[in-house]
Amino acid sequence: MFSGKQTKPTFKSYLPPLQTDVKRSPQLPIKKLEAKLLPGEIVVNEANFVKKCIGGETCQDDLWGKLVCTNFKVSFIAHNSLPQQRFQCAHRLLGEHDVPLACVEQAVTVNDAKGKQKVLGSNQKLKFNPTELILYCKDFRIIRFRFDEAGPESAKKVCLAIAHYSHPADPQLLFGFEYVGKRYHGSTGERVNGVDPGGGLQTPLFDCSSDWDREIKRTGASEWRVCTINQGYFISPSLPEFFVVPVSLADQDLKQYACYFNSQRIPLWCWNHPSGSALVRMSNNSDPQQQRKVEQRISSAITKSHPLRSDVFKSDLDKNLPNIQDIQAALLKLRQICVIEPFEESEEKWLSSLESSRWIEYVRTFLRHAVEVVYMLDSRHVSVILLEKEDRDLSCVISCLVQLMCDPHCRSLHGFQGLIQKEWVMAGHRFLDRCNHLKKNDREESPVFLLFLDCVWQLWNQYPAAFEFTEVYLTVLGDSMWLPIFSTFLFNCPRQRAEHSRDFAISKSIHLGQDQALRFPPVWDWSQQFSLKDQTLFNNPLYVGKIATCVQNGTVKTFTHRRSKKNYSSTLRGLPSALRNGSFSHHDTLTRRNSLVLRLRPDLSQTREQPESPSERFVRDWFSRPADLQGLLLPQLLPSHLSLWKLYFLRWVPEIQIPQGGPVTAFHKLSVLTDEIEMLQNQLRQYKGAGGTPNNTHVEHSKMYFKATSTPHQSHGPPEYLSSSFPFSPVGNLCRPGILGTPLRKFLNGAKIWLSTETLANETI
């Protein structure tokens, strides 16, 4: 019945066969993705079905979503999100996957099939369809987007939009103008909700004579006065309207001398030492014939302001410090070895590359020069004039470092912010050019302010208890440069801010009233960027202020720091009692990294051919005494004492995120301990009837990020979410080979930078 011969099939299918080997599109849920926009922010272009690369070439953690370019940022809105950290620091102006356009250093497009890549600039054409976009950011992030499933035209348009809007041609095209115009002014010109940008700040802005008057009284500079001859920027376009000059110099003399200085920048008073010595900054004289006469008159006026009539010491910064091009080249090399080149397993190669970048060398050079100026002010009791060609870059760094070392007020949060406002913003540092917000002239770009923050971090790292703020605060402050919203880092000088804001208001028909210009908010109003809870990360639990309260035998007592420093100064610095200001004692048996370098220091000083200079003797004598955290602070300047600022430069590299590692674990423990002490003191006050807030209110308004009280399911140990880069997330970086177990891993866990023995032998300070 059944034949052994196989019959041919007679059924014919008119449907194409099922393709099982074709790459499928991502099965994404139907979800409307919209970017969160700020006042004045508009969407320029966007592309759907874009992949943000989180790991390697094929990583399950990659995110799918929409890539959006606005007039403020590059925003990625994900369909799926990564697990949220329990205590993740959230930015109010930026989402987790947002990058300000001003932070984009380069936008590189890639076509895999043609093997082409192109660095995009403003108003450029793109001849190929991009399959990948790589953003190299100024904060050391590298972010990759893939367009495998996106439409080729939409991918090309969004890439060109990012390149174009990250290269504005005019300052008024920066997003800050649109934001301030819409955020603080209504359609008829009235103030929106009565908001006053920067209103109620405790940080002095030094834009009025009263702030300068208070600074004169605080420092005891009785022979100095506030000068008003530059009101309306009549004398100098780059100086503030108010500044401080010697009492013996009349306004008429200052008007006469102004034409002899570069950019008419009359010498500026910075600060007064308790001995009466003054710190002054001055641009070079542009008229050689009148140079000697004018400088003698200025020096004579400064001498008269000193109670001892001491001489004036002139420090030429252009001859003794790296220039802005050197600083920029060093940062580019540092970025190359930190985030662009893959980490090598050889510690020698990586550390030698780090040394060859010269970044840490320049940090050390600035610190060393600041110490020399401190020696003249504190030991020689003479006034110092900082000379620079235009007095707008290097003098900003040195004047601030000197005040940080000498004046404990500048190490408080508001004092430090006022210091930056006075010596950088109002003194006319070219933030617009140095940050290269317009990307017009790369020769003018230089990370001078970032170098200053690194110098401050080195001081903070050696004396953490002397500063009210934390390492996180310094990192956030560095990131704020790339938000073109705040007046602090947006302009080259106060006059430029006034002129551009006035012209913008006229073009947009914004009625300004008595202000005469748009009032940009300063960055010091941190509530615009972070919640009160996140701002507690700025508070240093180790900080020892001028007055500390404690409870003894049930009674609340107040002690000044001078009384308690003998017992706690060495402990607060994290060093054994045998160590005094960093010098090594032969009785010290504590094993420390690089202890060999500390042992070598006395021997090296004896083998030097040159005799010890007075400044070296001053530093040596200071290190032989116990540290006073509310007095003079000098940094240790051997190469082994300076470290790489890992939280800033390496925080976006996923491979070095050390779980429960680094200073953050200590910060967590100290925060909990400090919070518990405050809570117990509050309970004792209530018990003794000394007033105080209820316990539950104290917990809600604690100054610490981590609370002493925990819920039942919390453990007492360091939480799992803490890593060496807390509270910053490494999301969105290129993936590199793991370095676990390599010699470099030891460095990332705290080892110092080693230089050659010859380098150490040539050290003078």
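When I say contact, or touching, I mean heavy atoms within 4.5 Å. Quick housekeeping: this is a predicted model, where local features need pLDDT of at least 70, side-chain atom pairs count only at pLDDT 80 or more, and totals for chains, interfaces and linings use all residues. Numbering runs from 1 along each chain as its sequence is written, and side-chain values use heavy atoms, leaving out hydrogens and water.

Okay, Trp 359. Not counting residues up to four places away in sequence, Trp 359 touches Ile 327, Ala 330, Leu 331, Leu 334, Pro 447, Leu 450, Leu 451, Asp 454 and Phe 649.

Trp 359 is also one of the residues touching the most other members of the largest nonpolar core, which has 202 residues. A nonpolar core here is a set of buried Ala, Val, Leu, Ile, Met, Phe, Trp, Tyr and Cys residues joined through side-chain atoms within 4.5 Å; buried means under 20% relative accessible area with a 1.4 Å probe, protein chains only. Helix H9, residues 359–378, gives this core its largest share, 13 residues. Helices are DSSP runs of H or I, at least four residues, and strands are runs of E, at least two, numbered from the N terminus.

Now, strand S8, residues 142–146. All 5 of its 5 residues are buried, so S8 is largely enclosed by the rest of the structure. Ile 142, Arg 144 and Arg 146 point one way, Ile 143 and Phe 145 the other.

And who pairs with S8? Strand S7, residues 132–137, runs antiparallel to S8 with 5 bridges; pairing takes at least two bridges by DSSP. Leu 133 sits opposite Phe 145.

Technical notes. Buried < 20%, exposed > 50% of the residue type's maximum accessible area, 1.4 Å probe, protein only.
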